[in-house]
Amino acid sequence: MSQVSMTVNGKPASGAVEGRTLLVEFLRDTLHLTGTHVGCDTSQCGACVVHVNGKAVKACTMFAAEAEGAEVLTIEGMAAADGTLSPIQQAFQDHHGLQCGFCTPGMVMSAAALLEENPKPSEAEIRDYLEGNICRCTGYHNIVKAIMAASGQDVSKIAAE
Amino acid sequence: MPKDGGIGHATPRREDVRFLTGAGNYTDDINVTGQAYVHFLRSNVAHGNITSIDTASAEAMPGVLRIFTGKDFEGVGGLPCGWQVTDKHGQPMQEPAHPVLAQGKVRHVGDPICAIVAESLAQARDAAEAIEVEIDELPAVMDMKAALAEGATKVHDDLNSNLCYDWGFVEENKGAVDEAIKNAAHVTTLELVNNRLVANPMEPRVAVGEYKRANDESTLYTTSQNPHVIRLLMGAFVLGIPEHKLRVVAPDVGGGFGSKIYHYAEEAFVTFAAKALNRPVKWTSSRSEAFISDAHGRDHVTKIELALDADNNFTAIRTETYANMGAYLSTFAPSIPTWLHGTLMAGNYKTPNIYVNVKAVFTNTVPVDAYRGAGRPEATFQLERVIDKAARELGVDPIALRRQNFVH
């Protein structure tokens, strides 16, 4: 066991980890931030996406020790302190971009990373960026629509399906 | 309470905010003070006799609390099937025993052999690698027709054959259906495979068992679409716990598509082990494990015949379906190809004579149960495909052929 320290959602966080402890295990089991989910443990589904130093990372594919000193942002850090949803979170609700909610934290974190890089992505760019995030309920259509809406684009011409 | 604008107005969902902020409460988010973790060592062969299990070195490994095998469940009930089907002769279906942990024999890849309970999941997994299991591999039956052939290897030695049931709906109609097909102006025949699939919800299954000695009460937290049925089946048929001493909690569920309706061995195990160890016990499925332990869907092989008169009116439908049950009967498996499939064969059409035959078969594969529509999509698929084929054969418009035969 070794000690690891990082900043998570703006607050200092530390704990004892094994070399094999994954970042997602540290977040869920040590810090009790259970919003980050594990859907596949093989880096395919994207339910565990968090930001590490501003980049979207699959937290099941990174050791906790590798995040030493890093700035980590999880789904729990996305809304304002008073509970107001971020524009992406609000758009997911407004456009029904979720059903069971299990993939949703990863979708929101990936969407946030995309809009950071590309503030007005096209529908094709959004679909391409989300290739590492799997949703089993929605068929993706409303997720794409929500992200376009969150970026301030007109979605009225995208049919509701 | 959100304001509801009534029919035609979008209503914001009440659960969205917690899901969008990471505040959802899925089963894997639940941790009970003092919990231990279980990892299942599963069969990597489809069929075989277990000749020895050596857990000695694994038991000595750090953090290991106890390793359970089939022996620990000898006096415990098996997982029951919740829907009995009577065959075309009025006889009950064949229902094999379905132990919580394999008893001397493994019957599909993924059949659980040992359950390793340790202080941490990593320790349980490490210990599993130190267990020596010898399996004398037997021929495996995969193909349903081969499984019913004379002399086929039996999945269950104590059953007469690999046939669970041979069902007819309605048996009394068979003569009239055969006659209508014989007298038809045209008969279209189609053979179809409705392939097996894995439901794969985004959230893998999880079960946490807890036991309170003070009042002899058990609690199971589980990824379930159907907690009341699990309480009934597990309490009454597997562990012998009266309902007022058993609580089954299903919190937020990350998708199920049918696969989280059933009562699974892992749920019975954690409830049993929590009492045996006087420690809460948690199991979280990996994605790979889900493929070999969640109930699969579909897996039908069907021959369908559609008879038409000289004016292209449907006069009869006759089907013969082989339905794969897998190695054991999952909770509602027998009902899917029968009451949820055979009874739907009319579709939207006014066909006067219909007969459906279903042979449910045991094979050395993962058990199959209801998946998304369960039987009804299989029936619709066959029926609509055979109508398309009939239209092609007769050189008529497939839509016009349907309209002509609609119930109206």
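**View 1. Helix α2(A) makes a right-handed crossing with α3(A).** This is a predicted model, in which local features need pLDDT of at least 70 and side-chain atom pairs count only at pLDDT 80 or more, while totals for chains, interfaces and linings use all residues. Residues are numbered from 1 along each chain as its sequence is written, with chains lettered from A and ligands numbered from 1 in the order in which they are written. A crossing is right-handed if the near helix is turned clockwise from the far one by less than a right angle, and left-handed if anticlockwise. Helices here are DSSP runs of H or I with at least four residues, strands are runs of E with at least two, and both are numbered from the N terminus.

**View 2. How α2 (87–94) and α3 (104–117) of chain A pack.** Their axes, lines fitted to C-alpha atoms over the stretch in contact, sit 10 Å apart at an angle of about 130°. Angles run from 0 to 180 degrees between N-to-C directions. The pair is therefore oblique (under 35 degrees is roughly parallel, over 145 roughly antiparallel, 65 to 115 roughly perpendicular, the rest oblique).

**View 3. The sheet of chain B is open, with strand order β4-β2-β6.** Pairing is antiparallel, and two strands pair if DSSP finds at least two bridges between them. β4 (105–106) and β6 (132–137) of chain B are the edge strands, each pairing on one side only. Six bridges tie β2(B), residues 48–54, to β6(B). Look for Ile53(B): opposite it, in β6(B), is Val133(B).
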